[in-house]
Amino acid sequence: VRDIALVFAILAGLGLTFNYPFVGVILWTWFAVQNPHEEAWSFSRALPLNLIISAVTVTAWMLSRERKAPPKSFLVWAMLLFLAWTTFNSFFAFRPEWSWIFWDRTWKTFALGLFIAILATNRVRIHAIIFAVVISLFYFGVKGGVFTILNGGVNLVLGPENTIIADNNQLALALLMTLPLANYLRRQSVSRYLRWGIVVGMGLTLLSVVGTYSRGAFIGLSALAVAGLFRSRNKVVYIIFAAIVASAAVELMPQALWDRLGTIQSAQTDPSFHGREVAWQVAYSYAVDHFPFGAGFYGPQLAPLFHTYFPKEEPHAAHSIYFQVLGEHGFIGLALYLFLLVGALIRCSTIVKATRHRPEMEWATDLARMIQMSLFAFCVAGAGLSMAYYDVFIICIGLLVSLSGIVLTGENAAIPIETSSAVEFAHT
C-alpha cells in the first residue's frame, strides 16, 4: 500500500510539473532529503524515482518560460568550480571506476542546488522548499523523539537504511541543521496552530538528536545553543527554556548516554577517535604525496590505499567534512570547498546587513540568520562526520543565491506565507 500511494503521489506531482516546473523542484527536494521510497516495502525501492523526477523537472523547465539562469552570485561560481575540480580530479583518482559512482551522486545534488537557485524566485517558493526540507526531516525527528520517550533513551535513534543519514551520527547532524530552519518557519507563520505544531516538532526532534547518542551532535548542539543565545531577542526566556530542556534530558536519558558523552574528555584514548585520527593522517598524506590531486570520491577509505600508510590499521572513513574533501580532492578541492562554505556564511551576514532597516524584508533577515545557524551547525558537527556533500547543505546554498536575488530586487518581498493559493504559488 505504501508503494502504491507513493507512486501515485509522484505521478500526480509530475503531472503538475509539466505546467509548473517548480513543483518538480519540490518533489526533487523531498526525495533528496527524505528518500521516501526507503520507507516503503516493495517495488518502489527498485524504481529510479529520483531520476524520473529530475528528468521531468528539467524537461518541463526547458520548455517553460521560467528563468533560465540563477541570479548573479559568487556562490554559483563557487559551486560550479568545486564541481568542475572534483570532476577533473576523478580522472586521476586512486580507483576511478569506484569514484565515478559517487561523483554521479554528487553532481545531482549540486544540480538540485542550482535549480533551487534558478526557480525559487520569490518568498513563497523559498518557503515551499524550506517546508519540504523541514517536514522531510521532522518525519525522522518526531518519530525518533517519540521512540526516545517510549524506551527511556535506552536504544539509539537511527536513520533510514541505504541513505546518507542511516548512521546515528549522520542523522543527528541532519536534524541539527533542521532546527534553525524550522525555527524560521515558526517565526514567520501566521497560524498559531502551525507555530505550535512546529514547536512540538522541534522539541521531539531535539530529543531525537539526544537519543542518537552522537558525541559530535552533542558538541554541535552545544555550539548551536550558544549561538542561539547570542541571537535571541529575549535572553532571559531563552536561558530559562534551555534550563528546562536540559533538566528534562537529564531526567529522561539513562546513565549510558552521559557515560558516552563523558568520553569526549578522554578522546585521545578512545578507539573511535583513534580511527578518525589515523584516517585524517591518511587523507593529509595522500594529498601531499599526490599534489594537487586527491584519491577521488571515497577513495582514501579503500583498503589498498589506506594500508599503504597504515598497514596494521582497519580502513576508516575520514569522519570529517574537511579531511574528507582534502583526501578525496586534494588541497585545491579543500580550498574551493572552504571558499564555498565560508562564502555562504559571509553572504548570510551580508543579507542581514542589507535588510536590517527594511521592515518589508524582515523575513529575509530572519531567514539569512537561520540559514547561517544551520550552516554553523554543519561546520561544527561536520568536523566529525563524512557528510561533505550533504543535500541540505547544498540546498541552503541554493536558497542563499535566491534570497540574494530577491534582496537586491525586492520583488515579491511582502507576500505572506498563507496568502497564496496553489495556483498563485505555482505562478509566482
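On a 1 Å grid laid over the protein atoms alone, a cavity is a set of points where a 1.4 Å probe fits but cannot get out, while a pocket is an open set with protein on both sides within 12 Å along at least five of seven lines; lining residues have an atom within 4 Å of a point. Grid points are joined across faces, edges and corners, and the volume is the space filled by probe spheres set on those points. Searching the whole structure this way turns up one cavity of 30 Å³ or more. This is a predicted model, so local features need pLDDT of at least 70 and side-chain atom pairs count only at pLDDT 80 or more, while totals for chains, interfaces and linings use all residues. Residues are numbered from 1 along each chain as its sequence is written, and side-chain values use heavy atoms, with hydrogens and water left out.

The largest cavity has a volume of about 60 Å³. Its lining is made of Ala 283, Tyr 298, Pro 300, Gln 301, His 316, Ala 317, Ala 318, Phe 323, Gln 324 and Glu 328. Helix H14 (residues 321-355) provides the largest share of that lining, three residues; helices here are DSSP runs (H or I, at least four residues), as are strands (E, at least two), numbered from the N terminus. Sorted by class, the cavity lining has six nonpolar, three polar and one charged residues. For that sorting, Ala, Val, Leu, Ile, Met, Phe, Trp, Tyr, Cys and Pro are nonpolar, Asp, Glu, Lys and Arg are charged, and the others, Gly among them, are polar.

## The second largest pocket

Now for an open space. The second largest pocket holds about 1,100 Å³. It is lined by 37 residues, and the closest to its centre are Asn 35, Asn 50, Arg 105, Thr 109 and Asp 391.

Helices H2 (21-34), H3 (49-63) and H5 (96-119) each put at least two residues into this pocket's lining. H5 gives the most, with ten residues. By class, the pocket lining has 19 nonpolar, eleven polar and seven charged residues.

## The chain as a whole

The protein chain has 17 helices and zero strands. Of its 428 residues, 53% are buried, where buried means under 20% relative accessible area, exposed means over 50%, and partly exposed is in between (1.4 Å probe, protein chains only). If you look at contacts (heavy atoms within 4.5 Å) with a separation of 6 or more, 80% of them in this chain join residues 24 or more positions apart. The accessible surface of the chain comes to about 19,100 Å², with 68% of it belonging to carbon and sulfur atoms; the areas come from the Shrake-Rupley method with a 1.4 Å probe, and for residues only the protein chains shown count as cover.

## Nonpolar cores

In soluble globular proteins, nonpolar side chains tend to be buried together. A nonpolar core here is a set of buried Ala, Val, Leu, Ile, Met, Phe, Trp, Tyr and Cys residues joined through side-chain atoms within 4.5 Å. The largest one has 109 residues, and Leu 137 and Phe 393 touch the most other members. Leaving out residues up to four places away in sequence, Phe 393 touches Met 177, Tyr 337, Leu 340, Leu 341, Leu 375, Phe 378 and Ala 388. There is also a second, separate core of seven residues, including Ala 279, Val 282, Ala 295 and Phe 306.

Arg 276 sits in helix H12 (residues 271-289) and counts as buried because its relative accessibility is 16%. Beyond its neighbours within four places in sequence, Arg 276 is in contact with His 316, Ala 318, His 319 and Gly 384.

Lys 143, in helix H6 (residues 123-150), counts as partly exposed because its relative accessibility is 42%. Setting aside neighbours within four places, Lys 143 is in contact with Glu 39 and Phe 138. The C-alpha atoms of Lys 143 and Gly 201 are 9.6 Å apart, although 58 residues separate them along the chain.

## Backbone details in the loops

Asn 35, in the loop between H2 and H3, has a phi near 50 degrees, a positive value in a residue other than glycine. Asn 35 is buried, with a relative accessible area of 17%. Asn 162 has a positive phi too, near 60 degrees, but is exposed, with a relative accessible area of 61%. Its place is the loop between H6 and helix H7 (168-188).

A cis peptide bond joins Phe 291 and Pro 292, with omega about 10 degrees. Pro 292 is in the loop between H12 and helix H13 (303-309).
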